[in-house]
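Student: I would like to learn how to read helix packing, pockets and backbone details in a model. Where do we start?

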Amino acid sequence: MTSTNIRKKSFVSLVSEWGQGQLKFILPPVLALGSLLFIWQILCGGEAPPLPPPTKVVSEAWNLIVNPFFDNGGTDKGLGRHIIESLRRVGVGYSGSVVIGIGLGILIGTNVIMYRAFDPIFQVLRTVPPLAWLPISSAIFESFKGSPVLKFMGTDAVELSAIFVIFITSVWPVLMNTAVGVQQVPQDYRNVAKVLRLSRTEYFFTILIPSAAPYIFTGLRIAIGLSWLAIVAAEMLKGGVGIGFFIWDSYNSGKYSEMIVALFYVGIVGLLLDKLVYYVSVFTVQSDA
Amino acid sequence: MQTLVANELSVNRNANPYLVIDNVSKVYPTAKGDYTVLENISLTVYEGEFVCVIGHSGCGKSTLLNMVSGFTKPTLGEVRLESKVITKPGPDRMVVFQNYSLLPWLSALDNVALAIKSVHPETSKSDRLEMAMASLEMVGLTDAAKKKPKQLSGGMKQRVSIARALSIRPKVLILDEPFGALDILTREELQEELLKIWQEHKVTVLMITHEIDEAILLSDRIVMMTNGPAATIGEIVDVPFARPRYREAITEDPRFFTIRNHALDFLYNRFALSATDEH
């Protein structure tokens with residue numbers, strides 16, 4: 001009897017200890033979120049507020065919140081479907097950034113003259129915000145309108161220019177971090193390569209790439225954030241399905257509650273993308289002791 | 001004392017010169033004019049010999065070794081190995097660096113296997129791994145073969161580095177203060193292991209050290225450098241102890257103290273660092 005009592009007690013106390021341990025991590029963000037929502041509710045509680053208060057957002061956009069994958073044809077789709085379409089565009093643009101950014105980064109990082117020539121230009125270009133690339137991108141791809149090559153690729157000029165905005169926004173951190181990483185290969189490793197007279201390909205794959213990998217992943221992580229930032233700008237131009245256009249369209253038709261719900265979706269997906277690249281880098285990169 | 005000083009000509013060796021440092025000077029041009037690091041260095045090392053280079057920091061010991069390994073070229077004179085002038089680094093003059101220089105993304109075994117692959121590209125992967133494992137066995141590290149360098153202690157890393165260097169059977173093994181970063185117990189352990197390996201491999205060794213005792217235990221000759229700038233070889237001391245050597249036996253030998261005091265006198269009286277040199 002007594003022994004089971006003790007066991008029971010200790011089990012209960014274990015659970016409550018665990019709960020108390022977790023509480024200090026769960027409680028502060030919950031309180032912070034609660035108070036922010038409360039302030040928002042107070043500020044937007046009056047008559048004809050500029051934005052709907054949280055309660056109204058939930059009641060008005062309830063269908064969007066509980067049904068992320070409905071499809072009524074056209075652009076009348078669940079937010080999940082808009083997100084998937086946006087992720088597809090980001091996927092294409094970001095892949096382009098990864099391939100071209102790492103490629104050019106290695107080229108520039110290994111060649112001092114190329115680095116001196118292009119670094120100042122890239123330093124300027126990387127500060128250009130996504131929205132500023134939009135008109136340039138449109139101008140470039142409008143000239144391809146109706147081109148048979150694009151038809152063959154199953155895409156159109158507007159779609160390509162949207163993807164180009166994502167690409168051109170996110171390519172710079174990949175490129176510049178790769179270039180720096182390649183330049184920072186420690187002298188020790190270069191000396192090993194020299195003594196062993198490693199071939200160029202051997203040096204590339206066994207020393208250069210692994211040594212630059214932490215820098216490259218830093219660039220990739222900044223880039224995934226930037227390409228997700230660029231999606232709204234890119235889709236304002238594109239129209240149709242996509243979370244960026246959905247936000248723009250909700251604003252234009254005065255559906256502020258839907259716009260706010262979509263913003264939450266954008267934030268959460270952005271966070272997940274960042275974590276995804278982070279965990280890939282943790283599993284891939286073997287850092288120095 | 002004079003009997004300790006070996007004259008190149010008087011030493012009776014039944015061998016041809018193997019590694020020859022022939023009247024070498026190293027001058028770096030600076031904004032304030034030329035800076036001479038090393039001046040008129042001549043040294044002949046015979047096959048299978050163990051030579052230690054000793055001297056104060058900044059005397060250009062590392063520069064001298066870098067010219068043998070091929071990382072820097074002499075301004076004047078030349079370095080020859082088996083009569084061939086050294087112009088660039090190569091696996092025939094394998095270096096063991098003080099900071100190990102292991103690739104952190106490769107396991108101990110793969111670090112050694114990479115060296116074997118570079119010298120014997122025709123071998124199969126399984127052969128290379130087998131050879132690498134044999135080298136790790138020589139330094140007693142088979143258990144740690146799969147570990148990455150950051151999971152190894154300093155002493156273990158330096159063992160891997162030595163295993164890597166010897167796995168490709170270099171003509172000359174160059175060690176740049178290999179045990180400088182290790183604690184005293186590990187250092188003594190590794191000294192004895194290096195001694196054993198050298199005995200078995202009969203590789204020619206050129207080693208920089210700060211430690212007089214280490215030099216006496218390991219080497220056939222101790223090259224003592226004068227202070228820079230324009231450092232040169234001050235004296236070469238023969239270490240007459242028979243091989244195989246044992247630390248206890250050597251430290252009890254009265255000649256040990258004669259050599260030791262002679263070297264100390266050279267470094268701390270005749271070529272002591274003046275107060276202004278230290279900073």
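**Helix pairs, a pocket and the backbone**

Tutor: α2(B) and α4(B) are roughly parallel to each other, since angles under 35 degrees count as roughly parallel, over 145 as roughly antiparallel, 65 to 115 as roughly perpendicular and the rest as oblique. This is a predicted model, where local features need pLDDT of at least 70, side-chain atom pairs count only at pLDDT 80 or more, and totals for chains, interfaces and linings use all residues. Residues are numbered from 1 along each chain as its sequence is written, chains are lettered from A and ligands numbered from 1 in the order written, and side-chain values use heavy atoms, without hydrogens and water.

Student: At what angle do α2(B) and α4(B) pack, and how far apart are their axes?

Tutor: Axes are lines fitted to C-alpha atoms, for helices over the stretch in contact, and angles run from 0 to 180 degrees between N-to-C directions. Helices (H or I, at least four residues) and strands (E, at least two) are DSSP runs, numbered from the N terminus. Here α2 (residues 108-119) and α4 (residues 154-167) of chain B pack at about 25 degrees, with axes 8 Å apart.

Student: Is the crossing of α2(B) and α4(B) left-handed or right-handed?

Tutor: A crossing is left-handed if the near helix is turned anticlockwise from the far one by less than a right angle, and right-handed if clockwise. This crossing of α2(B) and α4(B) is right-handed.

Student: Which residues of α2(B) and α4(B) meet?

Tutor: Contact means heavy atoms within 4.5 Å. B:Ala108, B:Asn111, B:Val112, B:Ala115 and B:Ile116 of α2(B) meet B:Val160, B:Ala163, B:Arg164 and B:Ser167 of α4(B).

Student: What about α5 and α8 of chain A?

Tutor: α5 (residues 112-125) and α8(A) pack at about 145 degrees, axes 10 Å apart. Their crossing is left-handed. A:Tyr115 and A:Phe122 of α5(A) are among the contact residues, as are A:Trp172 and A:Met176 of α8(A).

Student: Which helices of chain A line the largest pocket?

Tutor: α4 (79-110), α8 (157-183), α9 (187-196) and α10 (200-238) of chain A each supply at least two lining residues. α10(A) gives the most, with 4 residues.

Student: Where does the backbone need a second look?

Tutor: Check the peptide bond from B:Arg243 to B:Pro244: it is cis, with omega near -10 degrees. B:Pro244 sits in the loop between β10 (233-238) and α7 (247-252) of chain B. B:Ser83 has phi near 70 degrees, a positive value in a residue other than glycine. B:Ser83 lies in the loop between β4 (76-81) and β5 (84-85) of chain B.
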